[in-house]
Amino acid sequence: MRDKAILEMKNICKSFPGVLALQGVDFTLCESEIHALMGENGAGKSTLIKVLTGVYGKDEGQIYLRGIDKAVAIRSPQDAQNLGISTVYQEITLCPNLSVAENMYIGRSKNIYQNWKKMNEDAGRILESLDIQAQPTQQLASCSIAVQQMVAIARAVDMDCKVLILDEPTSSLDEQEVEKLFKLMRNLKERGVGIIFVTHFLDQVYEVCDKITVLRDGKLVGEYEIKDLPRVQLVSKMLGKDLDNLSDVQGEQRVYNKDDKSVPVFETEQLYSNAGIKPFNFNIHKGEVNGFTGLLGSGRSECVRAIFGADRVLGGTVKKNGSHVKITKPIDAMKSGIGYLPEDRKRDGIVGDLSVRDNIILALQVMKGFFKPFTKAEANQFADEYIKLLGIKTASADTPIKSLSGGNQQKVILARWLLTHPEYLILDEPTRGIDVGTKVDIQKLVLKLASEGMSITFISSETDEMLRTCSRLIVMRDRKVVGELSGEELTQNMIMSTIAGGEKA
């Protein structure tokens, strides 16, 4: 093993049916090191962590830990814990109805509850040594999310963990709570603990980490000292674009005019929600296609969810054609002329057991009211019209939507919203996971709808697609708007440098 290395993963391979999730990945963690594991959605971060913690078995490769002469076998999370590997997840996995001390010791000893006084005293010493502001006897549910995560970390530290994995620990925290967590991480670093930090927040990586390992498409891109990897280069490595050899894509979209004085179809002012996005301003004009861009987790989806009322709005205003409208839930947005195709079609879009016909008419039926159902003839007419219009491949309108391919499911959800004739249509990852032919069909449809006067916000992880489709891009980083690009600024270079914080390659 390398000097000071406490963990080495070598040539790790893992596959699932039809997917090579990890292809010969190496990863090394040293003592007293905070090491960021970075990559976009599907890069392999979660799979690598699950192999390390025994959730998944690896197909090939070896895992070495300091002090053990041969490769270790980690077949379960209990094996990982016994070897000194602990994980704290974004979602708290403790018991909120128990006390802080009980959560720190539950499951570790059959006799732990025989001496409550000693348990509370031991817990108190650990909490004090780590400067965690919690009392051993208080109910965990009464603590903030940040303190609950710190209690989970304290539990791991008391179990003599050598490797601590923090999986998106800051996604639910405010800035002050993040600082407290970073203070604790630095404290553990000084004690010799190696920390693997999985996050999408670039600013946090450069604030607290020593090294970065980047994965992309299940492969290792490289390991870098934080000082040797400028943010713009990190972004390019995560996205797989060479900044020196980018080809700009010329779109057919309507040219955005910065001096357009017409009243926007929709606009927001200082809008924010309980999803943690910073207050943002936004507007869209008739016939415009614009988009939110940024790395996964940057807040692009949360912005459109706030506009649609899918997340609870905490502040700000929304105007339609210059007049204030109140949107606190999706039905308000729908009645104001907004349609929304969500990022996760299986969870938030389709109703799997319903037919293609019922999925198509669903939004319009909600707006009409379920006590005023469409006749069978009306429903068939709507379904047949949009199945033909969008080229949906289905045996019949009666086919359960779950039987369709991903691309055809997406077309059904598009049909659902087009049937409501929205003035403003939000498309969040409309082409994710579908074949190239269907992607092109959807992009052409977006441009056609815009040419007919519909306003569309288009979000995609593929920047090429955004450049082909959008005339203006709102750039997100760490859940706040950091820039806006249009005209000649619409290049991959400008997008990535803006995401990275204005740094040039």
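**Close-up views of a predicted model**

**View 1. Contact of helix α12 with helix α13.** In this predicted model, V356, R357, I360, I361, L364 and K368 of α12 meet K376, E378, A379, N380, F382, A383 and I387 of α13. The residues of this contact divide into eight nonpolar, one polar and four charged. Two packed helices are described by the angle between their axes and the distance between the axes. Here the axes of α12 (residues 356-368) and α13 (residues 376-390) come within 9 Å and cross at roughly 115 degrees. The crossing in which α12 passes α13 is right-handed.

View 2. Strands of a sheet pair through backbone hydrogen bonds, either parallel or antiparallel. The six strands of this open sheet follow the order β5-β6-β7-β3-β8-β9, with mixed pairing. At the edges are β5 (85-88) and β9 (219-225), each of which pairs on one side only. On average, neighbouring strands of this sheet are turned by 20 degrees against each other, direction ignored.

**View 3. Strands β3 and β8.** Strand β3 (residues 33-38) and strand β8 (residues 211-216) run parallel and are joined by four bridges. A36 stands opposite I212 in β8.

**View 4. Helices that lie across the strands.** Helix α6 (residues 175-190) lies across β3, β6 (163-167) and β7 (194-198). The angle at which α6 runs to β7 is about 150 degrees. Helix α8 lies across β3, β8 and β9, and runs at about 30 degrees to β8.

**View 5. The aromatic pair F282 and F292.** The structure holds nine aromatic pairs. The ring centres of F282 and F292 are 5.3 Å apart and the ring planes are at 25 degrees, so this pair is stacked. The pair links distant parts of the chain: F282 belongs to strand β11 (residues 280-284) and F292 to strand β12 (residues 289-293), ten residues apart. F282 counts as buried because its relative accessibility is 5%. F292, at 0% relative accessibility, also counts as buried. Ring pairs link F282 and F292 into a cluster with F266, F280 and Y424.

**View 6. The aromatic pair F308 and Y340.** A pair of aromatic rings is described by the distance of the centres and the angle of the planes. For F308 and Y340 the centres are 5.0 Å apart and the planes are at 40 degrees, so the pair is tilted. This pair links distant parts of the chain, with F308 in helix α9 and Y340 in strand β15 (residues 338-341), 32 residues apart. F308 and Y340 are both buried.

**View 7. Helix α9 and its surroundings.** Seven of the nine residues of α9 (residues 300-308) are buried, and the helix is mostly covered. The buried residues are R300, S301, C303, V304, A306, I307 and F308. After α9 comes G309, which has a positive phi, near 80 degrees.

**View 8. Helix α17 and its surroundings.** Helix α17 (residues 492-499) is mostly covered, with six of its eight residues buried. Q492, I495, M496, S497, T498 and I499 are the buried residues in α17. They pack against helices α7 (202-208), α8 (231-239) and α16 (463-469). They also pack against strands β12, β18 (472-477) and β19 (480-486). G501 follows α17 and has a positive phi, near 105 degrees.

Key: Residues numbered from 1 in each chain as written. Predicted model: local features only at pLDDT ≥ 70, side-chain atom pairs only at ≥ 80, totals over all residues. Heavy atoms only, no water. Buried < 20%, exposed > 50% of the residue type's maximum accessible area, 1.4 Å probe, protein only. Helix = DSSP H or I, 4+ residues; strand = E, 2+ residues; numbered from the N terminus. Phe/Tyr/Trp six-rings, centres within 6.5 Å; stacked < 30°, edge-to-face > 60°. Contact = heavy atoms within 4.5 Å. Axes fitted to C-alpha atoms, helices over the stretch in contact; angles between N-to-C directions. Left-handed = near helix turned anticlockwise from the far one by under 90°. Nonpolar A, V, L, I, M, F, W, Y, C, P; charged D, E, K, R; others polar. Pairing = 2+ DSSP bridges.
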